[in-house]
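Visitor: I am new to reading protein structures, and I would like to learn how to look at one step by step. Could you guide me through an example?

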Amino acid sequence: MAEAFIGQIMQVSFNFAPIDWAVAAGQTFTVNQNQALFALIGATFGGDGRTTFQLPNLQSRVIIGAGQGPGLSNYAWGAHDGVERVTLTQVNLPAHSHAAVFTPTGGGGGSAVAVQALTGAPAASLTATPAAGSQLANTAPGGAAQPKIYAPAGTSGTPVNLGGVSGGGGITGGTVQIGNTGNNVPIETLPPYLALRTNICLAGIYPQHG
């Protein structure tokens, strides 16, 4: 082949670097070891930029064109990123809902339960203090103001069981469970690939700006 440019990248099917070439594997060179190549790439791929510099490391990586294509992201010369596997988190998932399963306790099934409250109950039947089995009631006999039947959260007192639950079939409680699913296994982001040896030219024609 014609003499290559210094810094030129070449992929080959054989498993070594020819004379005047090196495997592009991130090796560290001293600047005085290869001043021509350093003048072209500097410390873009590593090194302190004064006494040392590094070759590009193309092991386990694919090459992408620097710059920004239409509708695509911008990639700076020498930038490197990406992972082979990724674990999705909640923020990556589409918005969705899960079915919930209610497991009743304390009775033999039955239809849906409903808490009832009486309206228009005779005033004489009402008491100021609830007893076991009492029902909520709302009445204002004689045009009086609406009675105060609610207590703020945290109010001290003794709770009692109210009556008036219909269709419960004896159910007194239960649990609602939303099952977990998934095994948190990372997914592959690799496209189909073929690994070849990637070499970089160390000695050849010094490229001139066009």
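Guide: What follows is a conversation that goes from the whole chain to single residues, and the model is a predicted one.

Visitor: Let us begin with the overall make-up: how many helices and strands does the protein chain have?

Guide: The protein chain has one helix and 15 strands.

Visitor: What share of the residues counts as buried?

Guide: Of the 210 residues in the protein chain, 15% count as buried. The chain exposes about 15900 Å², and carbon and sulfur atoms supply 56% of that area.

Visitor: How should I read a nonpolar core, and which residues have the most contacts inside the largest one?

Guide: The general idea is that in soluble globular proteins nonpolar side chains tend to be buried together. In this model the largest nonpolar core has 13 residues, and those with the most contacts inside it are Ala22, Phe29, Leu37, Phe53, Leu55, Ile200 and Leu202. The largest share of this core, three residues, comes from α1. There is also a second, separate core of five residues, which includes Ala4, Met10, Val12 and Trp21.

Visitor: Taking Ala22 as a case, why does it count as buried?

Guide: Ala22 counts as buried because its relative accessibility is 10%, and the cut-off for buried is under 20%. Ala22 sits in strand β2, residues 21-23, and, setting aside residues up to four places away in sequence, its contacts include Leu55, Ile200 and Leu202. Sequence distance and spatial distance can also be set side by side, for Ala22 and Ala203 are 181 residues apart in sequence, while their C-alpha atoms are 9.9 Å apart in space.

Visitor: Is Asn34 buried or exposed?

Guide: Asn34 is buried, with a relative accessible area of 11%, and it is found in the loop between β3 and α1. Beyond the residues up to four places away in sequence, Asn34 touches Phe29, Phe53 and Leu202.

Visitor: What should I notice about the backbone angle phi, and what is the value for Asp20?

Guide: As a general point, most residues other than glycine have a negative phi. Asp20, although it is not a glycine, has a positive phi of about 70 degrees; Asp20 lies in the loop between β1 and β2 and, at 43% relative accessibility, counts as partly exposed. Asn184 also has a positive phi, near 60 degrees, and Asn184 is found in the loop between β13 and β14, where it is exposed, with a relative accessible area of 62%.

Visitor: Which residues are in contact with Thr87?

Guide: Leaving aside its neighbours within four places in sequence, Thr87 is in contact with Asn92, Asn184 and Pro186. Thr87 and Asn184 are 97 residues apart along the chain, yet their C-alpha atoms are separated by 6.8 Å.

Methods: Residues numbered from 1 in each chain as written. Predicted model: local features only at pLDDT ≥ 70, side-chain atom pairs only at ≥ 80, totals over all residues. Heavy atoms only, no water. Helix = DSSP H or I, 4+ residues; strand = E, 2+ residues; numbered from the N terminus. Buried < 20%, exposed > 50% of the residue type's maximum accessible area, 1.4 Å probe, protein only. Areas by Shrake-Rupley, 256 points an atom, 1.4 Å probe, with all protein chains shown as cover. Contact = heavy atoms within 4.5 Å. Core = buried A, V, L, I, M, F, W, Y, C linked by side-chain atoms within 4.5 Å.
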